[in-house]
Amino acid sequence: MHYCDHNATSPLRPESLAAMTHALGVSGNPSSVHANGRAARAIVDDAREKIAALVGAKADQVIFTSGATEAASLALWGAVEGALDQHEADSKTARITRLFVSGIEHACIQATAARIAEDLPWIRLSHLPVTADGVLDIEALRVALREGKGRALVAVMAANNETGVIQPLEDVSRLCREAGALLLVDAVPAAGKIALDFALCDYMILSAHKMGGPQGVGALLVADGAPLRPQILGGGQQKGLRAGTENLAGIAGFGAAAHTLLTADGERERLAHLTDRFETALKKALPDAVIFGTGAARLCSTSNFAIPGIASDTALIALDMDGVCMSAGSTCSSGKIAPSHVLTAMGVDADTSASALRASFGWSNTNEDVQAAVESLVKLTERARRSPTTDRAA
Ligand code: PLP
């Protein structure tokens, strides 16, 4: 297979597999005081150090979760309810009354923010616009932060998972600091691909399986003093911030992936070369192909594009038959392909959006994968254009 879908899940790195295999042989609970428990605890602590190092944080700021979706939920609910606790303890500390979420955030942020605004009547949710290249409109954030009363919580991702477009986090952070707003950064697609500085934000979410670690484990990083009411209660693990026995093997694999990313010399340049090669060959063979976000800085690994008239669901099947794995740039819910909310926010029309595909490269890819992907795309396009009624987008 030519696996070009690393933003969906990156295959397990050999370093993660080795760390997980070792951890599975350690039969202790990290909370136990005996030797086996201490061995398990050492694995968790080591992974915490490695994950913190990847984003310039301290180990004790890392809370392990079941993935970035749970981390987003803990961050948003935890911040809102934690700020409420702080307000009740000291009325000079304001409650969170405003949520600002960029229009290109992942569903785990969008849906949780929407539920909070539905459930808590004193909270107003607003979506921040992006430019045609998919970059947050920083002026819109500046204006939004000036309006309204009470503390704000802002969610802006470090880079988008569909387009790879990198967001202006330093500017966002400065505006949030000036306004006394809290900042949540979804660093899931960006981790290991660009330098990340946890000091810019108050909350950051990460997912192991997007960086070559296992599925079902992620982390929320919380800055010192940032409000956080725990959401899963129980045995008091992780300083009571997220109860439940830690997923030892998953955490070990996560730590190994983070460490590999931090120490892999030249990997970003290699991925940038692959992505560039892919886009150059695609445009040469199919000059009418549209590549999204080219006017902005993008991750070294992600290419979001559309071939006019070729429906993405049909293309995915043809690619799959050639052994090429990609994603549609549109989401599928209840069997219905809906236009991507990211492309819609960028002003892309519904027809073009219905043709959107995403190639995302990673550690396992070589030039051969790029070549196979482009050949398959050219073949399926030529076939569809020869017999337009069967293969073309409606
Ligand atoms: N945030 C982004 C940008 C993602 O792409 C994803 C996964 O697709 C998530 C969050 C959720 O991650 P997880 O699968 O670990 O819950």
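What you see is a predicted model, in which local features need pLDDT of at least 70 and side-chain atom pairs count only at pLDDT 80 or more, while totals for chains, interfaces and linings use all residues. Residues are numbered from 1 along each chain as its sequence is written, and side-chain values use heavy atoms, with hydrogens and water left out.

Domain 1 covers 14-263 and domain 2 covers 266-386, with bounds from an automatic or database domain assignment. Their C-alpha centres are 29 Å apart.

Now turn to the ligand. Around the ligand are 13 residues, of which Ala68, Thr69, Asp186, Ser207 and Lys210 come nearest; a residue is near if one of its heavy atoms lies within 4 Å. This shell is made up of 5 nonpolar, 6 polar and 2 charged residues. Here Ala, Val, Leu, Ile, Met, Phe, Trp, Tyr, Cys and Pro count as nonpolar, Asp, Glu, Lys and Arg as charged, and the others, Gly among them, as polar.

Look next at the polar contacts (pairs of N or O atoms within 3.5 Å). The side chain of Asp186 has an N or O atom 2.7 Å from a nitrogen atom of the ligand. For Ser207, a side-chain N or O atom is 2.7 Å from a ligand oxygen atom. His209 brings a polar side-chain atom to 2.9 Å from an oxygen atom of the ligand.

Technical notes
Polar contact = N/O pair within 3.5 Å; in protein donor to acceptor, adjacent residues only side chain to side chain.
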